[in-house]
Amino acid sequence: MKRIVIKVGSHVLTENGAIAKTRMLALVELISELKIEQYEVILVSSGAVSAGYTQLPLDRSIVANKQALAAIGQPYLLKMYQEKFERFGLLCSQVLLSADVFEAPKHIAHAKVAIDTLLNNNVVPIINENDTVSIEELVFGDNDRLSAHVAHYFDASLLVILSDIDAFYDKDPNKFKDAKRRAVVNIIDDNELNAEHTPNNEFATGGIVTKLQSADFLMKHGRAMFLASGFNLSNVKSFLIDGEHKGGTLFTA
Ligand code: ADP
């Protein structure tokens, strides 16, 4: 069995403020296909705050409201996942983690036992950061780095990030028409990793920096990361099911 983590961001999962049901269904279908191909799949899913907002439109700029929206939205999000996984005869489960879990080996071990047990019973763990209780200094703040920790500490060989961008480019493709896709990346230089702190750097936009940091962390631990589109799953399917690397970026040391 090949264990992988799939991370899906809120841009992919939401549309006009609501959960993008068709995209969620396509993702669940992909996971069911991967399970037929003998993959063990852990899903890291954002979308709780957006799901909560569709039920109660509180002002998201206030931290307390975001905590409340996460609490409202998380069960709603899982209900939608449950209904979709059921169509493919699969059970899913909810695992809420906070960053401090990864600071204590004892807590990591406890969480890993639960994840292993779920996977051994053919259940799909759906992980999210516990945004209702996460204290500011401890939070990952983005599920890119959370999912990299999940992949490393729960022993997955590959993290798949399904994003609003279909690959990593030599510059931001949303700003530069001549940006070129990088199919394979073996090393990430410090400039790119610390781009947030460097003014006038074309890398310092969007969420690409946290993806590069995640890729760097995984490569340093002998694991790989694949970045591909979450809007169109054909490249990720080709890569994981047919073993063909047509699109997307593979980060591997
Ligand atoms: P998601 O929410 O889907 O995880 P983000 O929107 O946070 O992803 O991050 C992806 C965005 O990063 C892209 O839409 C793109 O505009 C931006 N970006 C900046 N530099 C690059 C780059 N070199 N390659 C790809 N995307 C980049």
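In which loop is the place of N16? N16 sits in the loop between β2 and β3, where helices (H or I, at least four residues) and strands (E, at least two) are DSSP runs numbered from the N terminus.

## Basis of the model

This is a predicted model, in which local features need pLDDT of at least 70, side-chain atom pairs count only at pLDDT 80 or more, and totals for chains, interfaces and linings use all residues. Residues are numbered from 1 along each chain as its sequence is written, and side-chain values use heavy atoms, with hydrogens and water left out.

## Overall form

The chain has 9 helices and 12 strands. Its radius of gyration is 17 Å, close to the 18 Å that the globule rule gives for 253 residues, so the chain is as compact as a globular protein of that length. The radius is taken over C-alpha atoms, and the rule is 2.2 Å times the number of residues to the power 0.38. Along the principal axes, the C-alpha atoms fill a box of roughly 45 × 40 × 40 Å.

Of the 253 residues, 51% are buried. Buried means under 20% relative accessible area, exposed over 50%, and partly exposed in between (1.4 Å probe, protein chains only). Among contacts (heavy atoms within 4.5 Å) between residues at least 6 apart in sequence, 70% join residues at least 24 apart.

## Surface and charge

The chain exposes about 12100 Å², and carbon and sulfur atoms supply 50% of that area. Accessible areas come from the Shrake-Rupley method with a 1.4 Å probe; for residues, only the protein chains shown count as cover.

There are 25 positive and 31 negative side chains, and the centres of the two sets lie 4 Å apart. Lys and Arg count as positive and Asp and Glu as negative, while His and the chain ends are not counted. Each charge is placed at NZ of Lys, CZ of Arg, CG of Asp or CD of Glu.

## The sheet

An open sheet of 8 strands has the order β5-β6-β4-β1-β7-β11-β12-β10, with mixed pairing. Its edge strands are β5 (91-97) and β10 (184-185), each of which pairs on one side only. Two strands pair if DSSP finds at least two bridges between them.

Strand β1 (residues 2-8) runs parallel to β4 and is joined to it by 7 bridges; I4 has V41 of β4 as its bridge partner. The pairing of β4 with β6 is also parallel, over 2 bridges, and there L43 is the bridge partner of I126 in β6. Further along the sheet order, β11 (residues 224-229) and β12 (residues 249-251) run antiparallel and share 3 bridges. M225 stands opposite F251 in β12.

In strand β4 (residues 39-45), 7 of the 7 residues are buried. Y39, V41, L43 and S45 point one way from the strand, and E40, I42 and V44 point the other way. In a regular strand the side chains alternate between the two faces of the sheet.

Helix α3 (residues 48-55) has A48, V49, S50, A51 and G52 as its buried residues. Their cover includes β2 (14-15), β3 (18-19), α4 (63-87) and β6 (123-129).

L212 belongs to helix α8 (residues 208-220) and is buried, with a relative accessible area of 0%. Leaving aside neighbours within four places in sequence, L212 is in contact with F168, I188, E192, L193 and F251. F251 is also the residue that M225 stands opposite in β12.

I108 is placed in helix α5 and is buried at a relative accessible area of 11%. I108 and F154 are 46 residues apart in sequence and 8.2 Å apart in space, C-alpha to C-alpha.

N16 is not a glycine, yet has a positive phi of about 45°. This residue is exposed, with a relative accessible area of 81%.

N122 lies in the loop between α5 (105-120) and β6. Phi of N122 is near 65°, again a positive value in a residue other than glycine. With 43% relative accessibility, N122 counts as partly exposed.
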